[in-house]
Amino acid sequence: MTPQPSAVIPAAAATLRRGGLVAMPTETVYGLAGDALNPSALARIFEVKQRPAFDPLICHAADTAGAEALVSDFPAAARALAEAFWPGPLTLVLPKRARVPDLATSGHPTVAVRVPAHRLARALLREFGGPLAAPSANLFGRLSPTTADAVRRELGGKVDVILDGGPCEVGVESTIIGFGPDGPRLLRAGGVPLEEIEAVAGPVAPAPGPTARPEAPGMLASHYAPRTPLRLENDGAPAEHGPDIGWLLFGPTGSFTPDHALNLSPAGDLREAAARLFQALRELDEDPAVRLICARPVPERGLGRAINDRLRRAAA
Ligand code: TXA
Ligand code: MG
């Protein structure tokens, strides 16, 4: 029996208390949530996602106090960022407390924490009353889901509950910031633009480039990949032509009108483009007529940085 809307959150929280998994909408992408303090729930997350154990999970909390309960040190720069952007698409990597299982952090001495902004994620976290580990709700290396339907198609049957919160507003994953002896460091471009982070925390050291080495968790060169090959074209290079090429475009394209094309934002709005990115890639990927996806980089500012990062990794 499908529970009534008002009973959905308590039922999902009860599933989590039993060690079950709940697909939870967040403002960035859908997450595959389990009790962050229950090692067997964590093990199931890795199993369902077919995720390698070296890639640590993000722990979600209902509020800053909930995040504080997971970390042993909250430097001033991290606190300023939390105050500015939580709840929201920002993840902070900080020294972990002993109570956080090693499975959640893949053995790292640090834990990634975030307070999400989505209404249903917040309701679930409050009702559950503890932290939830939640990677994006897709198979490892694949596109992150931005709708409940995308979760259903990829993980349906392996997840106990799928909460439908509509399409995700931000559409790219959270910005991840680490803190070294030299101050904040960008670990992943995401939903909070770097310019906004730097306005609060001062200069941020750049993200390491894509790498094939597993020591840099989640920074694998090939990630967020459709099944159809994706080529990132350089601006100005002659465009590929052919009926079997699916184009991912951005902004006004003038006389360039290929057969198969999706425009992330005809008006050239990077926020709109981020919100549409993964769904557009999915549509081109699922179009049987498309043999190759071609994309051009978007402007490298604001959310454009996160979009280009995902496109580069999808092309790797
Ligand atoms: O927006 C998001 O962040 C989404 C939603 C569901 O919250 N979650 C998400 O999780 O993107 P996931 O598992 O796909 O990405 C987690 C990434 C890891 O791949 C790694 O890059 C980084 O977070 N991470 C986690 N713990 C870390 C740690 N201790 N040190 C460095 N990076 C860490
Ligand atoms: Mg992911």
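**Note on pockets, helix packing and local backbone features**

1. The second largest pocket holds about 220 Å³ of space, and it should be kept in mind throughout that this is a predicted model. The elements that contribute two or more residues to the lining of this pocket are α7 (148-155) and α9 (270-286). The lining itself is made up of Arg142, Leu143, Ala150, Arg153, Glu154, Ala225, Pro226, Arg227, Arg282, Asp285 and Glu286. Sorted by class, the lining of the second largest pocket comprises 7 charged residues and 4 nonpolar ones, with no polar residues.

2. Rolling a probe the size of a water molecule over the atoms shows where empty space is left. In this model there is 1 cavity of 30 Å³ or more, and the volume of the largest cavity is about 40 Å³. Its lining consists of Thr175, Leu186, Ala189, Gly190, Val192, Pro193, Leu194, Gly302, Arg305 and Ala306. What classes of residue make up the lining of the largest cavity? There are 6 nonpolar residues, 3 polar residues and 1 charged residue in that lining.

3. Two packed helices are described by the angle between their axes and the distance between the axes. For helix α4 (residues 76-85) and helix α8 (residues 194-201), the angle is about 125° and the axes are 9 Å apart, which means that α4 is oblique to α8. The crossing in which α4 passes α8 is right-handed. On the α4 side the contact involves Ala80, Leu81, Ala84 and Phe85, and these meet Glu196, Ile197, Val200 and Ala201 of α8. By class, the contact of α4 with α8 has 7 nonpolar residues and 1 charged residue, and no polar ones.

4. The crossing of α9 and α10 is left-handed. From α9 the contact draws on Leu270, Ala273, Ala274, Leu277 and Phe278, while α10 supplies Gly304, Ile307, Arg310 and Leu311. The contact of α9 with α10 divides by class into 7 nonpolar, 1 polar and 1 charged residues.

5. Two backbone details deserve a look in the model. Which form, cis or trans, does the peptide bond from Trp86 to Pro87 take? This bond is cis, with omega near -5°, and Pro87 is found in the loop between α4 and β4 (90-95). The other detail concerns Gln50, which has a positive phi of about 55° although it is not a glycine. Gln50 is located in the loop between α2 (39-49) and β3 (58-60).

6. The last point concerns Pro258, which lies in the loop between β11 (245-249) and β12 (260-263). Leaving aside residues up to four places away in sequence, Pro258 touches Trp247 and Leu249. Pro258 and Ala134 are separated by 124 residues in sequence and by 38 Å in space, taken from C-alpha to C-alpha.

Methods. Residues are numbered from 1 along each chain as its sequence is written. Chains are lettered from A and ligands numbered from 1 in the order in which they are written. This is a predicted model: local features need pLDDT of at least 70, side-chain atom pairs count only at pLDDT 80 or more; totals for chains, interfaces and linings use all residues. Side-chain values use heavy atoms; hydrogens and water are left out. On a 1 Å grid over the protein atoms alone, a cavity is a set of points where a 1.4 Å probe fits but cannot get out, and a pocket is an open set with protein on both sides within 12 Å along at least five of seven lines; lining residues have an atom within 4 Å of a point. Grid points are joined across faces, edges and corners, and a volume is the space filled by probe spheres set on the points. Helices (H or I, at least four residues) and strands (E, at least two) are DSSP runs, numbered from the N terminus. Ala, Val, Leu, Ile, Met, Phe, Trp, Tyr, Cys and Pro count as nonpolar, Asp, Glu, Lys and Arg as charged, and the others, Gly among them, as polar. Axes are lines fitted to C-alpha atoms, for helices over the stretch in contact, and angles run from 0 to 180 degrees between N-to-C directions. Angles under 35 degrees count as roughly parallel, over 145 as roughly antiparallel, 65 to 115 as roughly perpendicular and the rest as oblique. A crossing is left-handed if the near helix is turned anticlockwise from the far one by less than a right angle, and right-handed if clockwise. Contact means heavy atoms within 4.5 Å.
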